[in-house]
Amino acid sequence: MTAATHSSLFPQVPDSADAVLDGLDPEQRAVATALHGPVCVLAGAGTGKTRAITHRIAYGVRAGILQPSTVLAVTFTNRAAGEMRGRLRQLGAGGVQARTFHSAALRQLQFFWPKAVGGEVPRLVERKIQLVAEAAARCGVRLDRNELRDVTGEIEWSKVTQTVPADYPAAIAKSARDAPRNPAEISQVYAMYEQLKRDRGVIDFEDVLLLTVGILQDRHDIADRIRSQYQHFVVDEYQDVSPLQQRLLDLWLGDRDDLCVVGDASQTIYSFTGATPDHLLNFRVRHPEATVVKLVRDYRSTPQVVHLANGLLAQASGRAAEHRLELISQRGPGPEPTYTEYGDEPTEAESTARRIRDLIAAGVPASEIAVLYRINAQSEVYEQALADAGVPYQLRGAERFFERPEVREAGVALRGAARAGGNDSLLDDAVDLPSQVRAVLGTKGWRAEAPAGSGAVRDRWESLAALVRLAEDFVRAREGATLSDLVAELDERAAAQHAPTIEGVTLASLHSAKGLEWDAVFLVGLTEGMMPITYAKTDEQVEEERRLLYVGVTRARLHLSLSWAVSRSPGGRASRRPSRFLNGLRPGSAATGPRLGAGGTGGIERGGAVRRKRRGPVQCRVCGKTLTDGGEMKLMRCEDCPSDMDEALYERLHAWRAVQAKVTGQPAFCVFTDKTLMAIAEAVPSTEGELTGIAGVGARKIARFGSDVLTICAGQELAGDDVED
C-alpha cells in the first residue's frame, strides 16, 4: 500500500517556510497559503488533499503565523491521524495535535471531568455488544447474533444523530432507514442499555462525544479554556461528519471562524453510521465569505482509471452528484481496466489469484496489490485461492503496528543493543546497521526465510521483517546512520503511528479500503444484489453504493480489474447479472445516464478460457445438503457433520507437506491448505481422478504433488524419501 521511495520515506526537513511550498501545484499552494478565515477544500480522490492540508499547517507554523500547540487537526481514523502527524513531523511542524474526534474529546473529558463533575471519568465499556445482549434479554427480546450486531448499530446511529430512545421510532420513519427489528422493540432495548450503563457506571464510545458536548454547553469556563488552547481547526474527511461531531466542532469554535474543512461528497460512504455530506455541501451557506479551493488534478491514477471513475459518477444522481468533481489525471497512460465474467465464484477467485501471481512475477510487489469486495464474508474464497496459488496475503483490520507485542519486544531489544553499543556481543559480526538489526531481531524470532503457514507465527515474522526492511531503507536514505538513530526514528514513528508496510496482498472490504491506494486493484463480486447491496432500497441508498464502488475504483494507480460471477457455486444456475453501475462502462452495455467523453473504457473478457471444468453443485457427502461455504466445499461435507478422517493418514500428509514446503521454500499452506489435507485424509483417493475431485487440488497441484499424495494414501513409502524427516 502506498509504496514510497527511500527519499520520500525519510525526506529532509524543509529549511524555510517558503521551502514548504515547493512542489505544490497551484491549487494545493492556494490551500497552503489560505491561513485565515473559513476555508473549504473540495478534494477529489488522489488529488493530494493530505499533502495540501499538512503543508498548509506546516507553512503556517514555519512562517510564525500559527503556533503548533494552538492547532487541532481532526480526522476519522487513528491511521489517518498517525499519517498526518508523521507528515507534519517531516515538514518541521511537530507539536501539532492531529487526532480523531473521539481521541480529542476523550482527552478533554479526562482532563476536565474532575472539575466539571468530580471524581474519575467512568470506565469505557469494552464490549458494547454484550451489554446490548443483556439489555435485550431483560426486555424479553430474543436476538440472534446478526440481529444483535444490527441493533447495536442502530443504537450507535441513534446516539450520533442525537436521538433519544423514546424518539427512535419517529426518527427511523423520518429517515427512511430500515430497522432490523420492530422500532418499538429497539427503542425498548436502547433505553434498557442506557439504564444498564448508568447502573454500572460505564460509558460507551458515543458517550465520549455526548458528555464532552454536555460539559462544553453547560460550563462556559471550560469551553473558554479549550477555545483559548485551540484557535485554529482543520477537519479532514468532512463529508463523513455526523450531527454529533458537528455539534462538538461548533462548541470548539465558539463564535470564531478559523476553520479549514476538506472533503469530497462523492466519497460519502458512511451514512449508515450517521455521517452526512450536508455539512460540507452547506459550508458556503454557513460561511458565505469562505475561500473555496477545488483539487481535481489526480496524481494517483492513470488516465484510463480516471476515465472510468469519472464515467461512474457521470451516471449518478442526487445532491452529492450535483457537486461531483471531474478528475484530471496527471500521470502517463497505462493499461485499460479489464472486465471479466466468470461462471462461478470459486473460478473468479482462482483466476484472480493467478492474475495476481502473474503481476508479482512481473515485478509488482505483493503489498501493492489489493482484492476489494463489498462485505467481509466474501474474503474466505479469496484467502483460499491465494493460499493455493502460493501468494502471501493480509486481511485489513489487524491491530496497530507499533502496538503489536512482537514490535514492542523488538523495540526494547533494539534500544538495549543501541545503549550497549560495541559492548553487545550480538553485534560482533554485524558490519552495518541492517545486519545489526537482523542480529538483534534474530533473538526475537526473525529468520531470513519466512516460516510455513499463515497463522500467528507467520504474522509475528512479518512484523519483524517489516522492521528489517525499514532499517534497510533508513540506511540507504541516511548514510552513516547508527542503531541509536534508527531507535529514535522508530520512537518517533510509534508516537505518530507511522507504520512500515507489511508485505502481502491486501484483502479488504470497500469500506475499509477508504484512504488507501495500490498499484493494482481487483474489484470482485460486482453483481446485482452485492453492488448495490440487496438491502439498498431507496435512491439515496443506491447512490451511496455507487459512491462506494467509485471509492474502490479510485484506489488503483495503474492496474484495475472488475469481475463478477454469474452463479455462486460450480454448476449452479447462471442467474446473476453484472452490477447496474457498470452499464455504459463495460463494452457491450448501454449507459443509464449521460454519455461519457472520449477515451477508452477497457476491454471485457469471459472467464471461460481460464476456468476449470464446470462441476455440479457440491453436496455434503454425509447428509446430502448443497454446500455454499468455501471451507465446507473443500471438505465436501458440512462442518457439523461427523468426520471419518484417517488421523494417521492426515499426520503423514502433514509431515510430507512440511518437507515439501522446506524443499520448495514456500509456506506450507502453498503446498496444500489444512482443509485440503483434511479432505484428502477423509476421501483417501486412489486415482488421479478421485484426487482431482477434491476442491483445492487443481491440474498444477496434480502435476507437482499428485504422485506423492496417492502413494501416501495407498499406505506406501515414498521412493528415496522419508516424510517423517
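Buried means under 20% relative accessible area, exposed over 50%, and partly exposed in between (1.4 Å probe, protein chains only). The model is predicted, so local features need pLDDT of at least 70 and side-chain atom pairs count only at pLDDT 80 or more, while totals for chains, interfaces and linings use all residues. Residues are numbered from 1 along each chain as its sequence is written, and side-chain values use heavy atoms, with hydrogens and water left out.

**Cysteines**
- The whole structure contains 0 disulfides, a disulfide being a pair of cysteine sulfur atoms within 2.5 Å.
- For Cys40, the closest cysteine sulfur is that of Cys260 at 8.2 Å, which is too far for a bond.
- Cys40 is buried at 3% relative accessibility, and Cys713 is buried at 12%.

**Salt bridge between Lys49 and Glu237**
- There are 37 salt bridges in the structure, each a side-chain nitrogen of Lys or Arg within 4 Å of a carboxyl oxygen of Asp or Glu.
- In one of them, Lys49 pairs with Glu237, with the closest N and O atoms 3.3 Å apart.
- This pair links distant parts of the chain, 188 residues apart: Lys49 lies in helix α4 (residues 49-62) and Glu237 in the loop between β6 (232-235) and α13 (243-253); helices (H or I, at least four residues) and strands (E, at least two) are DSSP runs numbered from the N terminus.
- Lys49 is buried at 17% relative accessibility, as is Glu237 at 12%.

**Salt bridge between Asp224 and Arg227**
- The closest N and O atoms of Asp224 and Arg227 are 3.7 Å apart in their salt bridge.
- About one helical turn separates Asp224 and Arg227, because they are 3 residues apart in helix α12 (residues 220-229).
- Asp224 is partly exposed at 45% relative accessibility, and Arg227 is partly exposed at 21%.
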